[in-house]
Amino acid sequence: RSTPRGAASFDVHATPAVTVHMIHSPATKPSLDSRWPLDPDIEVVVTIDVTSRTVDDNQVRCSQHYYDREGRELAVAWLYLTCVEVSLDVDWSRSGRVKSKGKDKDKAKWTWGPDGQGAVLLVNCDRDSPGAGGTDSGQADVRTPADLQDMSVMLLRTQGPSATFAEYPVVLHVPESDADKVRVFHAVRGDAHPLYKPVLGPDKLSYVLDHAGHGDSTFYVEGLAFPDRGFSGLVSFSVSLLEVPHKDSPGTPIFTDTVVFRVAPWIMTPNTQQPLEVFVCSIKQGLDSNEAFLEGLRALLRKANCKLTVCSEQDSRSDRWIQDELEFGYVEAPHKTFPVVFDSPRNRGLKDFAFKKILGPDFGYVTREPPGKSVTSLDSFGNLDVSPPVTVRGKEYPLGRILIGSPLPWMAGRRMCRAVRDFLFAQTVQAPLEVYSEWLSVGHVDEFLTFVPALDRKGFRLLLASPNACYKLFKEKQQQGHGEATQFIGLKGNEKKSIDEILADESLRSDNRHVQRCIDWNRDLLKQELGLSEQDIVDIPQLFILTNSRADALFPDMVNMLVLGRHLGIPKPFGPVVGGRCCLEQRVRELLEPLGLSCTFIDDFFSYHVLLGEVHCGTNVRRKPFAFKWWHVVP
């Protein structure tokens, strides 16, 4: 602003709603009569904390003086201000409630950790709407009040004179790069009930607010996509006050407020979490009948006080391996948590089971399919596990680490498809680790490792299948005079071999030396990447046999067990009977019962005999979510 010729000083006066800030160097001082010298380094800043009721109702008088001998005033400059409020607010503090008028916060920033900031958004992947063909996120409308509970609230506050907002429109907008990841509904008054108008989303980048200036407008935001390759999970929304010089102009922002959400990751729960529900398939006909297994399983679940859901043969289409078809996890925001089933691309008889029978109210669904539908055995979710919480070299993983079976890092071979691996790595909070499982015929991590709860140390133990432990046990029994006791062998009908024959079989011993080296490679990796010591690992006796350079279990694989809190359902190994008891069962009891675990050996003979290599109980477990909040993680 120009100053009158000869001006030497000025002062500033304002109406009560206006605060005047003088920014100057320490050496610059006002005179005794509060006049400031005219100095180009002095800056006058005015702020208003109260919105205007009418246009130009707040005034600042800036009088600039030069003085002759009489001290005459040369000029007075008037600044007229209209204060409006435009604020976009979300649950920035992660308290479960939106607090408007927050001060000293950067709403456009999202940070991890217990002292972090930023709102959380759920993928609306359940089905609260009866009759909907898919997940709620696939619907471009709100059909039930329950659907709103899965969404995050966003408040837009506009206050000030209506005449100002008539001239300067308020626009809510989303970047084009984020628009296909979210959908926003505006709660507007209907004749009888509130209406929820879709205003932003895959085909809508902006929304002009009608009737701005009248307080809060409530918006509901739903996620449409989980974090994945090329999508970190961060999405932003902005509100802008536009200056529109003429009706055909797109307008220019004169003020913008921005908020950021992070889409909640899919979180997998480990064996050590308490079980809520066990899923199992019923096969009643023929040699593949699992009625004996179901009878033993029901008895186990009564001990564990756990719900049992039996999938009919019609629903499973005679595919009993539900553990391979799907994995249970959950999503969590400060205002809502619900389970989400992750459907594998395996797609055998149980292909549609999770979508048709599990997806429902407050039970979400997600899947990933590789291009071309080409899958291998390693795409089954028996090849997916997660550790309990661990600390590694001072870094905490309070939600554990996901384990994925793969070839050796420097070798080609079967590998879980990239679509699934990219998804798992993109969730961030469980820092996936690839272990070596391709040495197995089926290639699943659950064939040689599992985790069980324990009362001491880290609160769990890692169980590893161990040929060395089996040979050691059989050698002990031979030395005790029980070399003629026989072990059931599942490869040729009802073949049995005595302890003496097993110990004398050099080909079998060579196979198991190779298997032990493969398991030991993983042992060293898991100790390093999960922060384990030898005291955290329990070796479970097991033998394998190589077929075309890959390994199958020689007898039912006890590591491939069902963990239900302190109760373990273990495949019955049909081992050598010594003193009226199976010595394999007895050794496992000696290893695990001191940890406070109860071992129940379940007769799963036919599943083993008919489907070699997939030696497990054919069950899947939904478990209690962690008490730990994932946004407290420090990646």
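Val182 stands opposite Gly223 in β14. The model is a predicted one, in which local features need pLDDT of at least 70 and side-chain atom pairs count only at pLDDT 80 or more, while totals for chains, interfaces and linings use all residues. Residues are numbered from 1 along each chain as its sequence is written, and side-chain values use heavy atoms, with hydrogens and water left out.

Helices (H or I, at least four residues) and strands (E, at least two) are DSSP runs, numbered from the N terminus. Two strands pair if DSSP finds at least two bridges between them. Strand β11 is joined by five bridges to β14 (residues 214-223), and the two run antiparallel. Five bridges also join β11 to β12 (residues 195-200), again in antiparallel fashion; in this pairing, Ala187 stands opposite Tyr196.

Turning to the domains, the chain is divided into domain 1 (9-80), domain 2 (85-263) and domain 3 (267-625), with bounds that come from an automatic or database domain assignment. The centres of domain 1 and domain 2, taken over C-alpha atoms, are separated by 40 Å. Five residues from domain 1 and six residues from domain 2 take part in the contact, defined as heavy atoms within 4.5 Å. Between them, domain 1 and domain 2 bury about 320 Å², 70% of it on carbon and sulfur atoms; buried area is the accessible area (1.4 Å probe) that two parts lose on being put together, summed over both. On the domain 1 side, Thr51, Ser52 and Val55 lose the most area to domain 2, together 85% of what that side buries. Across this interface the rule finds zero salt bridges, a salt bridge being a side-chain nitrogen of Lys or Arg within 4 Å of a carboxyl oxygen of Asp or Glu.

Two loop residues also deserve a look. Asn305 has a positive phi of about 55° although it is not a glycine. Asn305 lies in the loop between α3 (291-304) and β19 (307-311) and is exposed, with a relative accessible area of 72%. Arg393, not a glycine either, has a positive phi of about 50°. Arg393 sits in the loop between β24 (390-392) and β25 (395-397), and is exposed at a relative accessible area of 64%.

Definitions and conventions:
Buried < 20%, exposed > 50% of the residue type's maximum accessible area, 1.4 Å probe, protein only.
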